[in-house]
Amino acid sequence: MTEPDWVRHAIWWHVYPLGAVGAYPGEPPGPDEHRLGRLVAWLDHVVALGASGVLLGPVFASSTHGYDTVDHLRIDPRLGDDGDFDALVAEAHGRGLKVLLDGVFNHVGRDSAIARRSVDALEGRSDDDVWLLRDEDGGFVGFEGHGALVTLDHAHPGVVDYVVRVMTHWLGRGADGWRLDAAYAVPTQFWAQVLPRVRAEHPDAWFVAEVIHGDYPAFVQESTVDSVTQYELWKAVWSSINDANLWELAWSLTRHDEFLESFAPQTFVGNHDTTRIASMIEDPRHRAHAVVVLCTVGGTPTVYAGDELGFTGVKEEREGGDDAVRPELAADGPGVAQNAVLRLHQELIGLRRRHPWLHRARTSQVTLTNTTFVYEVRDGDDALVVALNLDDEPLARPAGEVLASDDGTRTRDDVAPHGWAVVAP
C-alpha cells in the first residue's frame, strides 16, 4: 500500500474546533452564530507558520465534547452547518491547505440515532438491527468505562456500510483524509473492509489511526491505514529532555526507524489529549529542542494549535480535565504579534518544507551522552546533522553549513550550552 504523494510534503496544524471557537465547554452558542467560520481567520496564520494542512478535531453533531457523536452526517449545530463546513474547506483549499477530519467510529453517544434504534430493536419496538456490541448481561458495551459512549458492533455489515458512507460523504464535500479516533479499539479487519472501499472512490485520501501503544507496523499492515500516531516518540521527546537522559530519545529513534521501513508515522509533541509541550518540559531553555526533533526526523509532523505561540496548559485526569489544553482562540486570528516561539516554529517548519525527503529519512547516532546528542538524518544522498545540547558546557558543532540554530547569527563555532543546531554536512 502506498500513501498519496502529497503526504510527503504534509505538515498539519491540529485544532480542536469546539474549544477553539468557544462552543464547548460553557454555554452553547445560539443557532445563528455559525462559529465554525471563526477558524477562517486563522488560516493565513497556518500558511505563515509553514504548515500545509489543517487537522480538524471533531465537527460532527455530538452531545458534549465531540467524541460522543450523535450524527456523523451532520455538522455540530454549536459550530454551524454544512454551508459553514463547505466555506471553511473552500477557504483552506484556496490557500493550498489540505483538510483532515477526525472521526470516531469505535463508539457513538447514547443519544445517537444508532443507539436509540438499537434500544428499540432490543425491546421489540422496531425491526431494526442492533448495531451496538452487547455484553454478557445483554447491555451495551461502554468505551473504557465511559457509560455515555457505547461501542459499535464492527462485525455487523450495516456498520461497515455506514462508516463507508460517512467517510465518502465528507470526502465528497472536500475533505482530504481522516484521523480515526480510538482506532486501536477497533478490530483491524474492520478497517481492512472499510478503507479499500473508500479509496476506490477517493484514491488520494489519507488515513491516520490513533494507536497509543502496541505493534504499530502490524496494525498498519492488517488495517490498511496509511499511518498511526507516534506516541512512543512523543513520550521519549519530553521524558528524555526532562530527565537529561537522551539515551531514551536515541532508543526511541531506533524504534522509529523500524516503523519507517513500512510507513511514515504521524509525529507530534502535543495534541488535544496531552499536556502542552511548554508545560510538559520543565526547563524553558529546552523547549525548542522538542520542536527541533519534530521537524528533523522521519514522519508526518503535526503542530497542535497554540503550541507554536507558546501556549501552556496541563491535562488533568478528572471531568473537564482536558479543558486547559483545548482553549478558545481569538475570534479574529492571532493578530500580527510575533514571538520567539512562533519564529522558532517558522524557521524549523520552513527547513522541513525545503527538505521533503525528511518524510522517510532514517536517523543514526553520531555522538551520545546523557545531555548531548548528535544524530544524522539521511535518505539516500540527502543528509542533515542535528546537535542537541542540554549540558552546561558547549558542544563541538558538527562540520558543515549551519541551516538553523539557537544562535540566530549562526556564527558560533560550537553549540552553546542548552543550545541546538541543524547542519548540512
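User: In this predicted model, does helix 11 pass helix 12 in a left-handed or a right-handed crossing?
Analyst: The model is predicted, so let's take the geometry as computed. The axes of helix 11 (residues 287-296) and helix 12 (residues 340-354) come within 9 Å. Where helix 11 passes helix 12, the crossing is right-handed.

User: And which residues of helix 12 make that contact?
Analyst: On the helix 11 side you'll find Ala288, Val291, Val292, Leu294, Cys295 and Thr296. By class, the contact between these two helices has eight nonpolar, two polar and one charged residues. The helix 12 side is made up of Leu344, His345, Leu348, Ile349 and Arg352.

User: Are helix 11 and helix 12 roughly parallel or roughly antiparallel to each other?
Analyst: Their axes cross at roughly 20°. Angles under 35 degrees count as roughly parallel. Helix 11 and helix 12 are therefore roughly parallel.

User: How many of the ten residues of helix 11 are buried?
Analyst: The buried set runs Ala288, His289, Ala290, Val291, Val292, Val293, Leu294, Cys295 and Thr296. Helix 11 is largely enclosed by the rest of the structure, because the buried count is nine of the ten.

User: What is the angle between helix 5 and helix 6?
Analyst: Helix 5 (residues 157-172) packs against helix 6 with the axes 9 Å apart, and their crossing is right-handed. Val159, Val160, Asp161, Val163, Val164, Met167, Thr168 and Leu171 in helix 5 meet a set in helix 6 that includes Phe190, Trp191 and Leu195. The packing angle is about 35°.

User: Helix 6 also meets helix 7, so which residues of helix 7 are in that contact?
Analyst: The axes of helix 6 (residues 188-201) and helix 7 (residues 216-223) come within 7 Å and cross at roughly 45°. That makes helix 6 oblique to helix 7. Helix 6 brings Thr188, Trp191, Ala192 and Leu195 to the contact, and helix 7 brings Phe219, Glu222 and Ser223.

User: On to charges: how many salt bridges are there?
Analyst: Side chains of opposite charge can pair when their charged atoms come close. Here a pair counts if a side-chain nitrogen of Lys or Arg is within 4 Å of a carboxyl oxygen of Asp or Glu. By this rule the count is 27.

User: Why does arginine 35 count as buried?
Analyst: Arginine 35 pairs with glutamate 33 in a salt bridge, their closest N and O atoms being 2.9 Å apart. Glutamate 33 counts as partly exposed because its relative accessibility is 40%. Buried means under 20%, and arginine 35 counts as buried because its relative accessibility is 15%.

User: How many residues apart in sequence are the parts tied together by arginine 95 and aspartate 44?
Analyst: These two form a salt bridge, with the closest N and O atoms 2.7 Å apart. Arginine 95 lies in the loop between helix 3 (82-94) and strand 5 (98-104), while aspartate 44 is in helix 2 (residues 43-49), so the parts they tie together are 51 residues apart.

User: Which residues are joined into one network with aspartate 181 and arginine 179?
Analyst: Aspartate 181 and arginine 179 meet in a salt bridge at 3.0 Å, N to O. Both residues are buried. Salt bridges that share partners join Arg179 and Asp181 into one network with Asp102 and Glu210.

Conventions:
Residues are numbered from 1 along each chain as its sequence is written. This is a predicted model: local features need pLDDT of at least 70, side-chain atom pairs count only at pLDDT 80 or more; totals for chains, interfaces and linings use all residues. Side-chain values use heavy atoms; hydrogens and water are left out. Axes are lines fitted to C-alpha atoms, for helices over the stretch in contact, and angles run from 0 to 180 degrees between N-to-C directions. Helices (H or I, at least four residues) and strands (E, at least two) are DSSP runs, numbered from the N terminus. Angles under 35 degrees count as roughly parallel, over 145 as roughly antiparallel, 65 to 115 as roughly perpendicular and the rest as oblique. A crossing is left-handed if the near helix is turned anticlockwise from the far one by less than a right angle, and right-handed if clockwise. Contact means heavy atoms within 4.5 Å. Ala, Val, Leu, Ile, Met, Phe, Trp, Tyr, Cys and Pro count as nonpolar, Asp, Glu, Lys and Arg as charged, and the others, Gly among them, as polar. Buried means under 20% relative accessible area, exposed over 50%, partly exposed in between (1.4 Å probe, protein chains only).
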